[in-house]
Amino acid sequence: MSRTTERSRARSPRVRALYRWLFVLPALLYMLAFFGYPLVRNVLMSFQEFTPRTYFTGEAPFNGLENWRAVFDDPLLKDAFWQTMVFTVGSLVGQFTLGMALAVFFSRRFRLSGPVRAVLLLPWLVPMVVSAVVWRRIMDEDHGVLNSFLETVGLSSDGVPWLSSPSVALLSVILVNVWIGIPFNMVILYGGLQEIPEELYEAAALDGAGPWRTFWRITLPMLRPVVTVVLVLGFMSTVKILDLVLALTGGGPADSTQTLGTLTYQLSFLRLDFGQGAVVGNILIVISAVFAVLYLRANRADQGSGR
Amino acid sequence: MRQRTSRSPVARWGSTVVALLVLAVMLFPVYWMVSTALQPHSSIASADLIPTSPSLDNFRTALDSQGGSLVTSLVVALGAVVVCLALAAPAAYGLAQFGLRGGRSIVFGTLITQMVPGIVVANALYSAYAELGLVNSYLGLILADASLGLPFAIVLLRAFMVSIPSEVVEAAMVDGANRFTAFVRIVLPMSRNALITSGLFAFLFAWADFVFALTLNTTDDVRPVTLGLYQFIGAHVSDWGAVMATAVLSAIPAAILLVVAQKYIAAGIAGGSIK
């Protein structure tokens, strides 16, 4: 026993450093393979020509900017881009507003508030494909319970074509995604609210500030770092959503819910043009990265000047 | 907002009523899923609001066609948990305690990976998998699904392991254990809660995976239930009762964990996002 100790003590620092790296190395190699490699490979693939034959021959010759030209020439890219933006921003606004309202509401400690808050998490924990399938039935134009409800309360006599009309479908997809995202926003914002010192509220009450004023002057500024985290995480996870759209509308009707995610999928895995799919995938990554950097930087500068 | 707790009992019960109404609206789709699944003839017309004569027929149909997919999901999700924790726990410990040069960049890189869209990973992974013979394999899907929980697990475990006093481990090493043995015997048991939390989320992420299941499989050899459900509604839905029963079965792990492991789930959401 003591001999092993002596031996490990006697190791050179370099050997010891190497030994320590062994703890981190497997995870590091894994992340390089499953995150690093795909990023690099996608850039390369976007300059290669893939055809259905590539699957058998394995040959994908470089073809310069051809994939990029083809993708940018297709008007669908512009539509998919704007629809992705509308979907992402719409989802975030809805999730955040309602999540915040619920977080503030649950901060009044009333009977059953804990258990109710816990059960509210269910929509977020259920697989997205499951939610999509259920909502697809609920929003069915002829047999969906949503339209029967609207009819019963007299809000709409002829059924709303939630998922079957190109002018409504994107809004419907956003509504479902808001429903999925509310719990996550609520839980994190609720956690943030609990960290705000009680004295600030007492001081505001002494100054005679009403609840609305208190919210804008104290709650929101104090919550700022948490809000940043929620919105940045929300943006990054929403902009790339694929499951929900595929299972709810499949990108239709008439491409009205096509996003950059579904477009990547269709180009690569349905048309088997992995080169063009890679182009759209790269655009998706750039959007995500640019937004994250801009937002984090703006927020840091803001905090710096505020102090 | 404690000043509000001094309100009258009526007002406090009023909040409870509002909360229950919110709950009813938010969980209506879940109720509707269960209700439709319990009604045997809900195939064509809309289902009744309340299942007056509930039956488990739909579940029988669902299990007949999707039972295998449920087992596949379970195997894949458990496999992903094992891979995820086996990689994340030592890495988190190393990053928390060793002060490695470049360690901070690795932590930052880990956070950044959450930005990479699954479909982009799948796009590149598919051709690599085709060359390695991993398309349509359990191993391939397990390895890919582990990527959904790994960054989260590393961040969460590292945040916990930073607070383990290094003397604890050093004391064990004086007794002759090498660093790895000390890690297994001392650090892992101490990190039990953090391990459970990250394992739980790794399971839920892998169970819910759809993108990798859809793209890394070209046959039905490895078909998790999310993919089964998608194919179920793919063409023309004739039996919504069975579809909803399948949906209920695929939502069960989330529901069970919400009840059994509430504490860990709350900890996970807070820890994984704020750090």
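How much of the chain over residues 194-216 of chain B is helix and how much is strand, and how far apart are the end C-alpha atoms? Over that span chain B is 87% helix and 0% strand, with the end C-alpha atoms 31 Å apart, where helices (H or I, at least four residues) and strands (E, at least two) are DSSP runs numbered from the N terminus. This is a predicted model, in which local features need pLDDT of at least 70 and side-chain atom pairs count only at pLDDT 80 or more, while totals for chains, interfaces and linings use all residues. Residues are numbered from 1 along each chain as its sequence is written, and chains are lettered from A and ligands numbered from 1 in the order in which they are written.

**Annotated spans**

- For chain B, the unreviewed UniProt entry lists "transmembrane region" at residues 70-93, 105-126, 138-157, 194-216 and 240-261; UniProt positions are given in the numbering used here, feature names are shortened, and annotations may be inferred rather than shown by experiment.
- Residues 138-157 of chain B are 100% helix and 0% strand, and their end C-alpha atoms lie 27 Å apart.
- For chain A, the UniProt annotation "transmembrane region", also from an unreviewed entry, covers residues 21-40, 80-106, 118-139, 159-180, 226-254 and 274-296.
- Among these, residues 80-106 of chain A are 100% helix and 0% strand with end C-alpha atoms 38 Å apart, and residues 226-254 of chain A are 66% helix and 0% strand with end C-alpha atoms 39 Å apart.

**Chain A as a whole**

- Chain A has 16 helices and zero strands, and its C-alpha trace spans about 70 × 65 × 45 Å along the principal axes.
- The radius of gyration of chain A is 25 Å, whereas a compact globule of 307 residues would have one near 19 Å; the radius is taken over C-alpha atoms, and the globule rule is 2.2 Å times the number of residues to the power 0.38.
- Chain A is divided into domain 1 (1-40) and domain 2 (77-306), with bounds from an automatic or database domain assignment, and the C-alpha centres of these two domains lie 41 Å apart.

**Contact and core**

- The contact between the chains takes 82 residues from chain A and 76 residues from chain B, two residues being in contact if their C-beta atoms, placed from the backbone, lie within 7 Å.
- On the side of chain B that touches chain A, helix α1 (residues 9-37) of chain B gives the largest share, 15 residues.
- The largest nonpolar core has 165 residues, of which Cys84(B) and Ala88(B) touch the most other members; such a core is a set of buried Ala, Val, Leu, Ile, Met, Phe, Trp, Tyr and Cys residues joined through C-beta atoms within 7 Å.
- A residue is buried if 20 or more other C-beta atoms lie within 10 Å of its own, exposed if 12 or fewer, and partly exposed in between, with C-beta atoms placed from the backbone.
- Helix α2 (residues 57-97) of chain B supplies the largest share of this core, 16 residues.
- This core lies between domain 1 (1-40) and domain 2 (77-306) of chain A, because both give residues to it.
- Not counting residues up to four places away in sequence, Ala88(B) touches Ala27(A), Leu150(B), Ala153(B), Ile154(B), Leu157(B) and Ser198(B).

**Backbone features**

- Most residues other than glycine have a negative phi, and most peptide bonds are trans.
- Gly252(A) and Pro253(A) are joined by a cis peptide bond with omega about -10°, and Pro253(A) lies in the loop between α14 (243-248) and α15 (260-270) of chain A.
- Leu112(A), in the loop between α5 (75-107) and α6 (113-119) of chain A, has a positive phi near 70° and counts as partly exposed because it has 15 C-beta neighbours inside 10 Å.
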